[in-house]
Amino acid sequence: MIALNDLEEAAEDRTWWAEARCNDAAGSLSALFFSEELQDIAAAKRICELCPVMEDCLAGALARREPWGVWGGQLFRNGRILATKRRRGRPPKVARPEDELPVIAVPAALAEVVIRRTA
Ligand code: SF4
């Protein structure tokens with residue numbers, strides 16, 4: 001389990017960035033990770049799902065209380081993790097399967113911190 005002061009150290013350490021799946025050295029995936037569109041957010045989360053540095057990325061995002069974007073497989077808003085997000089406009093009468101965001105498992109070491117941030 002990671003303690004809060006360990007999270008702050010994680011936010012300083014960026015050595016893992018070279019292994020990040022979203023790091024194409026050109027920033028071409030940024031639009032997906034900071035989009036308001038559900039399909040983009042879902043695509044970003046799927047990229048994170050297989051990322052070898054997901055735990056480091058999520059620990060840093062939690063420590064920085066990221067205001068925005070997909071980090072470590074989770075959608076952040078104002079430092080909190082959102083489990084779901086609604087499409088813009090009036091909600092449909094019948095839920096659309098394509099509006100469901102993929103659920104990416106939180107690394108066990110960060111589970112307690114994430115539970116506190118989503119409560
Ligand atoms: S977990 Fe996602 S946002 Fe974080 S480095 Fe990996 S691909 Fe990028």
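Beyond its neighbours within four places in sequence, Gln74 contacts Lys45, Leu58, Gly69, Ile81, Ile104, Ala105 and Val106, where contact means heavy atoms within 4.5 Å. The model is a predicted one, in which local features need pLDDT of at least 70, side-chain atom pairs count only at pLDDT 80 or more, and totals for chains, interfaces and linings use all residues. Residues are numbered from 1 along each chain as its sequence is written, and side-chain values use heavy atoms, with hydrogens and water left out.

**Strand residues**

- Gln74 lies in strand β2, residues 74–77; strands (E, at least two residues) and helices (H or I, at least four) are DSSP runs numbered from the N terminus.
- Gln74 is buried because its relative accessibility is 7%; buried means under 20% relative accessible area, exposed over 50%, and partly exposed in between, with a 1.4 Å probe and protein chains only.
- The Gln74 side chain comes to 2.9 Å from the backbone oxygen of Ile104.
- Arg77 also belongs to strand β2, and its relative accessible area of 14% makes Arg77 buried.
- A polar contact of 3.0 Å joins the side chains of Arg77 and Glu36; such a contact is a pair of N or O atoms within 3.5 Å, and within protein one must be able to donate a hydrogen and the other to accept it, while residues adjacent in sequence count only if both atoms are side-chain atoms.
- Residues touched by Arg77, not counting those up to four places away in sequence, include Ser35, Glu66, Trp68, Gly69 and Lys85.
- Gly69 is placed in strand β1, residues 68–71, and is buried at 2% relative accessibility.

**Nonpolar cores**

- Leu7, Leu58, Leu62, Phe76, Ile81 and Leu110 touch the most other members of the largest nonpolar core, which has 17 residues; a nonpolar core is a set of buried Ala, Val, Leu, Ile, Met, Phe, Trp, Tyr and Cys residues joined through side-chain atoms within 4.5 Å.
- At least two residues of this core come from each of α1 (4–12), α4 and α5 (111–118), and α4 gives the largest share, five residues.
- A second, separate core has 10 residues, among them Ile41, Cys48, Val70 and Leu101.
- In α4, the buried residues are Met54, Cys57, Leu58, Ala59, Gly60, Ala61 and Leu62.
- Leu58 touches residues including Trp71, Phe76, Val106, Pro107 and Val114, with those up to four places away in sequence not counted.
- Just after α4, Arg65 has a positive phi of about 50 degrees.

**Ligand shell and cysteines**

- Around the ligand are Trp16, Ala20, Arg21, Cys22, Phe33, Ile47, Cys48, Cys51, Met54, Cys57, Val70 and Gly72; a residue is near a molecule if one of its heavy atoms lies within 4 Å of it.
- This shell holds 10 nonpolar residues, one polar and one charged; Ala, Val, Leu, Ile, Met, Phe, Trp, Tyr, Cys and Pro count as nonpolar, Asp, Glu, Lys and Arg as charged, and the others, Gly among them, as polar.
- Helices α3 (38–49) and α4 (54–64) each supply at least two of the shell residues.
- Cys48 counts as buried because its relative accessibility is 7%, whereas Cys22, at 24%, is partly exposed.
- The structure has zero disulfides, a disulfide being a pair of cysteine sulfur atoms within 2.5 Å.
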